[in-house]
Amino acid sequence: MADKIKIKVKAFVRDLKQGVDDKTLMERYNLNETTLPKLLDKLVDQGLVSESDLESRYMFDSTQKVADLFSFPYDSNDLD
């Protein structure tokens, strides 16, 4: 059974709303790519973070993550 992660919720929510990026949040609060989304879901469920807080913050981030999943062939003729 995994140990529970203890974080200071007020500090996390403040950082989140101030636009701290995912990588920094994960480092600062000892989270990973699995625990961060779970924490965000819990905070939304408890009303500490709104969906609009998350929507504005992931607009670019999610686009980049989708792009990272695919490899696009590069053809120098496309630039002409």
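This briefing covers the salt bridges of the structure above. The model is predicted: local features need pLDDT of at least 70, side-chain atom pairs count only at pLDDT 80 or more, and totals for chains, interfaces and linings use all residues. Residues are numbered from 1 along each chain as its sequence is written, and side-chain values use heavy atoms, with hydrogens and water left out. A search of the whole structure finds three salt bridges (a side-chain nitrogen of Lys or Arg within 4 Å of a carboxyl oxygen of Asp or Glu).

- Asp15 and Arg28 form a salt bridge, at 2.9 Å from N to O. This pair links distant parts of the chain, 13 residues apart: Asp15 is in helix 1 (residues 9-17) and Arg28 in helix 2 (residues 22-28). Helices are DSSP runs (H or I, at least four residues), numbered from the N terminus.
- Arg14 also bridges to Asp15, with the closest N and O atoms 3.9 Å apart.
- Shared partners join Arg14, Asp15 and Arg28 into one network.

**Accessibility in the network**

- Asp15 is buried, at 5% relative accessible area (buried means under 20%, exposed over 50%, partly exposed in between, with a 1.4 Å probe and protein chains only).
- Arg14 is partly exposed at 45%, and Arg28 is partly exposed at 49%.

**The Lys17–Asp53 bridge**

- The side chains of Lys17 and Asp53 meet at 3.7 Å, N to O, in a salt bridge. Lys17 lies in helix 1 and Asp53 in helix 4 (residues 51-69), so this pair ties together parts 36 residues apart in sequence.
- Asp53 is partly exposed, with 24% relative accessibility.

Methods. Helix = DSSP H or I, 4+ residues; strand = E, 2+ residues; numbered from the N terminus.
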